[in-house]
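Dear colleague,

I am passing on the structure below, together with some notes on what turned up in it. Please read the notes with the structure open beside them.

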Amino acid sequence: MTSNEQLVHHFYTAFQRKDWQTMVATYHPEATFSDPVFPALHGSEVGAMWHMLITADTDLQLDFKEPVTDGETVICCWRARYTFSKTGRKVDNHVVATLYVCDGKITRHQDVFDFWRWCRMALGLTGILLGWTSLVQEKVRAMARKNLKQFMGKNPA
């Protein structure tokens with residue numbers, strides 16, 4: 001296993017343990033993060049997102065496959081099962097992560113998953129009928145951003 005793969009393995013092992021402090025420590029201070037819900041986080045927002053998500057969750061179960069290097073990136077497939085707190089609905093999300101590592105720190109992290117599939121699980125009927133629309137997806141993003149901003153106000157770095 002390369003040192004970059006070891007770093008990513010360390011990140012996901014901390015994720016399994018719900019150890020957000022260790023997760024955050026693997027990132028470069030100016031790192032970026034993107035996924036369908038949080039499309040453009042930078043710097044302290046990245047760590048705050050993990051802190052918020054980990055501490056808000058009570059029943060998270062996470063599995064991941066061993067990370068593999070693909071050129072200058074590390075790819076890791078992972079699966080999270082949890083209850084979405086806003087609706088009480090069960091989510092089983094399958095994610096492909098692409099991480100860029102420089103000097104022993106994650107500098108860029110992009111998670112990809114089927115947003116409509118996630119909406120169907122997390123939002124129920126609304127997600128089934130309208131989760132594919134930009135209207136619902138943008139509403140989810142706006143709420144996530146608002147929650148993160150409030151969380152950061154209460155939990156300064």
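Leu130 lies in helix H5, which covers residues 125–130, where helices (H or I, at least four residues) and strands (E, at least two) are DSSP runs numbered from the N terminus. Leu130 is partly exposed because its relative accessible area is 43%, given that buried means under 20%, exposed over 50% and partly exposed in between, with a 1.4 Å probe and protein chains only. Together with Leu125, Ile128 and Leu129, Leu130 makes a nonpolar surface patch of about 390 Å². Patches are made of residues with over 30% relative accessible area and no salt bridge, like charges being joined within 9 Å and nonpolar side chains (Val, Leu, Ile, Met, Phe, Trp, Tyr) within 5 Å, and the areas come from the Shrake-Rupley method with a 1.4 Å probe, with only the protein chains shown counting as cover for residues.

Please keep in mind that this is a predicted model, in which local features need pLDDT of at least 70 and side-chain atom pairs count only at pLDDT 80 or more, while totals for chains, interfaces and linings use all residues. Residues are numbered from 1 along each chain as its sequence is written, and side-chain values use heavy atoms, leaving out hydrogens and water.

Helix H4 (residues 115–123) has Phe115, Trp118, Cys119, Met121 and Ala122 as its buried residues, and these pack against E5, E6, H5 and helix H6 (134–154). After H4 comes Gly124, whose phi is positive, near 70°.

Trp78 belongs to strand E5 (residues 73–84) and is buried, with a relative accessible area of 9%.

Thr98, in strand E6 (residues 89–102), counts as buried at 18% relative accessibility. Beyond its neighbours within four places in sequence, Thr98 is in contact with Thr73, Val74, Ile75, Arg108, His109 and Gln110.

Turning to the pairing of strands, two strands pair if DSSP finds at least two bridges between them. Strand E1 (residues 27–34) runs parallel to strand E7 (residues 105–112), joined by four bridges, and Tyr27 stands opposite Ile106 in E7. E1 is also joined by two bridges to strand E2 (residues 41–42), in an antiparallel arrangement, and the two form a hairpin with six residues between them.

The structure holds six salt bridges, each being a side-chain nitrogen of Lys or Arg within 4 Å of a carboxyl oxygen of Asp or Glu. One of them joins the side chains of Glu45 and Arg145 (2.8 Å, N to O), and this pair links distant parts of the chain, with Glu45 in helix H3 (residues 44–56) and Arg145 in helix H6, 100 residues apart. Another joins Lys90 and Asp59 (3.2 Å, N to O); Lys90 lies in strand E6 and Asp59 in the loop between H3 and strand E3 (61–64), so the pair ties together parts that are 31 residues apart in sequence. Of these two residues, Lys90 is exposed, at 58%, whereas Asp59 is partly exposed, at 26%.

With kind regards

Methods: Contact means heavy atoms within 4.5 Å.
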